[in-house]
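This briefing is for a reader new to the structure.

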Amino acid sequence: MINYMDDLQLAELEHDVQQHGKPDLSFFETYYPKLSRSPEIQKTYALISKIARSNATVLIQGETGTGKELIAGAIQAQSLRAQQIYVTVNCAALPEHLLESELFGHERGAFTGAVSSHVGKFEQADGGTLFLDEIGDMHPSTQAKILRVLQEQAFVRVGGQRTIHVDVRIIAATNKELWEEMESGRFRADLYYRLNVVTLHVPPLRERPEDILILADYFRRKFAAEIKKVVGDLDEETRQLLSHHAWPGNIRELRNLIERAVLVVNPNHEITAKDLALTGKDYFAAGGRDRRREERRGPNLHTLNLEELEKTAITIALQRSKWVQKDAAALLGISARALNYKIAMHKISHSTWRKNAVPEP
Ligand SMILES: Nc1ncnc2c1ncn2[C@@H]1O[C@H](COP(=O)(O)OP(=O)(O)OP(=O)(O)O)[C@@H](O)[C@H]1O
Ligand SMILES: [Mg+2]
């Protein structure tokens with residue numbers, strides 16, 4: 001197989017692995033831009049290094065697991081504030097009232113349970129960088145307050161009077177399409193435009209398939225080095241499977257899959273399809289949870305023969321709708337009459353159907 005990492009200093013990789021903390025960040029910053037074959041990724045990196053050294057607010061958008069947190073860290077690490085404090089807060093993790101106090105702090109007695117005053121994340125990040133993760137999940141009232149800090153670099157603690165001035169660089173991330181959130185009224189337009197000074201769109205893994213095997217090989221080496229196990233390459237079938245998987249969980253999913261494969265593969269052996277926990281294929285027909293996930297995602301195309309695909313789609317739709325033809329037709333986006341015709345054509349039958357049953361309109 002093509003050995004993607006041959007031209008890299010593997011010693012450096014091993015060094016990364018030994019460094020506790022952020023091993024991925026180093027790979028991500030040092031190697032990935034050089035290794036990636038995706039023009040989108042190249043563009044993203046070029047932009048990262050251009051904007052890192054400014055104080056501009058950065059918004060990172062991308063599906064779950066695409067590496068937004070890593071990019072935020074990389075921007076901070078390359079910024080003029082690299083040596084200053086880096087504070088991160090997950091806006092989705094806290095209920096509304098706690099989030100405000102978490103961000104802006106509170107005075108003693110501000111609310112029941114506020115027995116002492118609390119310094120919020122904005123104050124903690126003074127002089128440095130604040131990473132607001134999952135910003136698309138924020139309540140409108142918090143959005144209004146964030147907008148004010150962004151505009152004035154000033155805020156008031158919950159239950160407080162005094163205006164506190166800070167100097168904070170903001171990096172925000174979301175896996176929602178913020179434009180759509182704004183259009184539908186869930187995200188404030190003024191905050192959207194304020195955040196949207198520099199936006200990085202991280203493409204999902206399925207849109208950069210040229211990078212799948214590069215990353216897979218990196219994770220294989222990384223996890224093998226971590227547990228000091230000699231692990232062979234990915235065999236041909238495995239590489240085919242990885243290349244054609246849809247990766248709804250993006251790089252996180254790939255990472256977890258390879259970590260597991262490295263654990264279960266026999267030492268000194270190649271990684272084979274059975275070492276992967278990918279579902280959908282016959283030999284992966286295990287795990288109920290994975291199968292449910294697979295169902296949501298839709299079937300893997302085992303053939304391109306349209307007639308066979310149609311029969312498969314109809315059968316799956318019928319199974320999901322408990323063999324009620326009317327519901328299955330709705331799932332398939334065709335009329336009940338058309339479904340009935342196709343059922344006869346494909347000779348599909350089920351014990352719960354009366355002989356010659358005609359679906360209700
Ligand atoms: N280019 C990359 N190189 C190495 N590891 C990566 C890369 N991109 C992402 N990862 C890894 O994938 C996982 C997910 O990345 P990260 O947490 O940054 O995703 P995210 O976009 O913030 O996801 P979410 O929206 O779910 O929070 C992490 O373990 C991260 O280290
Ligand atoms: Mg994240």
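A residue counts as buried when its relative accessible area is under 20%, and as exposed when that area is over 50%. The model is predicted. Its largest nonpolar core has 45 residues, and the structure holds 8 aromatic pairs.

**Helix α15**

- Gln325, Ala328 and Ala329 are buried in helix α15, which spans residues 325-332.
- The packing partners of the buried residues of α15 are α14 (306-320) and α16 (336-345).
- Gly333 follows α15 and has a positive phi, near 75°.

**Nonpolar cores**

- In the largest nonpolar core, of 45 residues, those with the most contacts inside it are Ile60, Ile75, Leu215, Phe219, Leu242, Leu254 and Ile258.
- Helix α10 (residues 212-226) contributes the most to this core, giving 9 residues.
- The core lies between domain 1 (39-202) and domain 2 (214-297), because both domains give residues to this core.
- Leu215 touches Phe27, Tyr32, Leu205, Ile251 and Leu254, when residues up to four places away in sequence are not counted.
- Another core, of 29 residues, lies apart from the largest one; among its members are Cys91, Ile135, Ile146 and Met182.

**Aromatic pairs**

- The structure holds 8 aromatic pairs, one of which is formed by Phe104 and Phe155.
- The Phe104 and Phe155 pair is tilted, with 5.7 Å from centre to centre and 45° between the planes.
- This pair links distant parts of the chain: Phe104 belongs to helix α5 (residues 96-104) and Phe155 to strand β4 (residues 154-156), 51 residues apart.
- Both Phe104 and Phe155 are buried.
- The pair of Phe219 and Phe223 is stacked, because the ring centres are 6.2 Å apart and the planes are at 20°, and planes under 30 degrees apart count as stacked.
- Helix α10 holds both Phe219 and Phe223, which are 4 residues apart, about one turn of the helix.
- Phe219 and Phe223 are both buried.
- One aromatic cluster is made up of Phe104, Phe122 and Phe155.

Notes:
Residues numbered from 1 in each chain as written. Chains lettered and ligands numbered in written order. Predicted model: local features only at pLDDT ≥ 70, side-chain atom pairs only at ≥ 80, totals over all residues. Heavy atoms only, no water. Core = buried A, V, L, I, M, F, W, Y, C linked by side-chain atoms within 4.5 Å. Buried < 20%, exposed > 50% of the residue type's maximum accessible area, 1.4 Å probe, protein only. Helix = DSSP H or I, 4+ residues; strand = E, 2+ residues; numbered from the N terminus. Domains from an automatic or database assignment. Contact = heavy atoms within 4.5 Å. Phe/Tyr/Trp six-rings, centres within 6.5 Å; stacked < 30°, edge-to-face > 60°.
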